[in-house]
Amino acid sequence: MSFQEIAVNPSAIRSWRDFQLVWSKAGFSKGRLISCYPQKGPDKETRHQGWPWRVVESVKEADIGSVKRVQTCLEIYAKFKLMRRGRAFDHAEPWTPNADCEHRRAPFAALIGITTDDCYCSLDDLEGEDCPECLRDDQHVMILPKQPAAFAEGLLPMLSCSNELRFVDPYYLNPSNTPSGVSLSRKHARVVQEIANRMNALQRVPQLIEFHMLSVVADPEVQLKTFAREMDAFLPKTWKAKGYLWTENLGGRRFHARYILTDVGGVGSEYGLDEGNSPGDQTDLYMLPESLRTRRTAEFSLESQAFTLAANPIEFQGTRG
């Protein structure tokens, strides 16, 4: 898992200051998320007794005046900050023994508890020399093998809570000797297919799916139709997407960098979001700060002047069962 998962005892958060301290350490742009542990209550009647509920209950006991602000942040920003992995939790036992057991099975990047011991740090440690190394600096880059499964697995925490998904790469289409003059890059398509497979397994279908690419031959409408016709075989039937074809403006910036942009976070790459040429091939994915993610998303909208639309966007649907 490329995003680091931090386990925080909800009982350690007793005030708005405590919550802010923990909350400031997490986010897709920082490369780490707070484990939603436990993810939910023990049964349907107590389904709200997950990590957010426990945090609010802890603050209620110690600082009732902070409850509203904590609740508001949890309601609005939880999907930007929390990692949901469905880890096992025995509700008959306290949080710490549960976390210890899960940490032995699949280690957390850090454990934040009520007091400091051999495994845990406390909230006070986060502002001093005893702060765990993984919490000192933001993780700006993830190194991944250029393999479809590695891309999908590494980005799954972000993808699994996204409602919008934009694939941006100038090289989805390549010039070819076919009648249309272009053909789909299957190395790119296989990465998209694996991402779709993982999201489908979670019953996650983005409400918005877009592909943004660079025009490479004279007839842009033919290019788009070719892209839709060839890409639909890599997408499930539940996916409805839209393809955009752009040209660079004379004297303007190049359409070079590649991105996966969602409504909760984004990553970029200079070396490509496609399958590599060899098993050992790797790429660096850099995590976009929120301001940059917003700017890049806007640049690939119809209102943007960063690039010029070569043809009207085309809508298409997946055909894979």
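**Overall build**

The structure is a predicted model. The chain contains 9 helices and 15 strands, and its C-alpha trace spans about 70 × 45 × 40 Å along the principal axes. Of its 321 residues, 52% count as buried. Among contacts with a separation of 6 or more, 74% are made by residues 24 or more positions apart.

An open sheet is formed by 4 strands in the order 3-2-1-4, with parallel pairing. Its edges are strand 3 (82-83) and strand 4 (110-112), each of which pairs on one side only. Within the sheet, strand 1 (residues 4-8) runs parallel to strand 2 (residues 32-35), and 3 bridges join the two. Ile6 stands opposite Ile34 of strand 2.

**Local sites**

The table sets out the accessibility of two residues discussed below.

| Residue | Relative accessible area | Class |
|---|---|---|
| Ser58 | 5% | buried |
| Gln203 | 75% | exposed |

Ser58 is part of helix 2 (residues 51-62). This serine counts as buried because its relative accessible area, 5%, falls under the 20% limit. Its side chain reaches the backbone oxygen of Pro10 at 3.4 Å. Leaving aside residues up to four places away in sequence, Ser58 touches Pro10, Ser11, Ile13 and Arg14.

The loop between strand 2 and helix 2 holds Pro38. The peptide bond that joins Tyr37 and Pro38 is cis, with omega at about 0°.

Gln203 lies in the loop between helix 7 (186-201) and strand 9 (208-214). Although Gln203 is not a glycine, its phi is positive, at about 60°. Gln203 counts as exposed because its relative accessible area of 75% is over the 50% limit.

How values were computed
Residues are numbered from 1 along each chain as its sequence is written. This is a predicted model: local features need pLDDT of at least 70, side-chain atom pairs count only at pLDDT 80 or more; totals for chains, interfaces and linings use all residues. Side-chain values use heavy atoms; hydrogens and water are left out. Buried means under 20% relative accessible area, exposed over 50%, partly exposed in between (1.4 Å probe, protein chains only). Contact means heavy atoms within 4.5 Å. Two strands pair if DSSP finds at least two bridges between them. A polar contact is a pair of N or O atoms within 3.5 Å; within protein, one must be able to donate a hydrogen and the other to accept it, and residues adjacent in sequence count only if both atoms are side-chain atoms.
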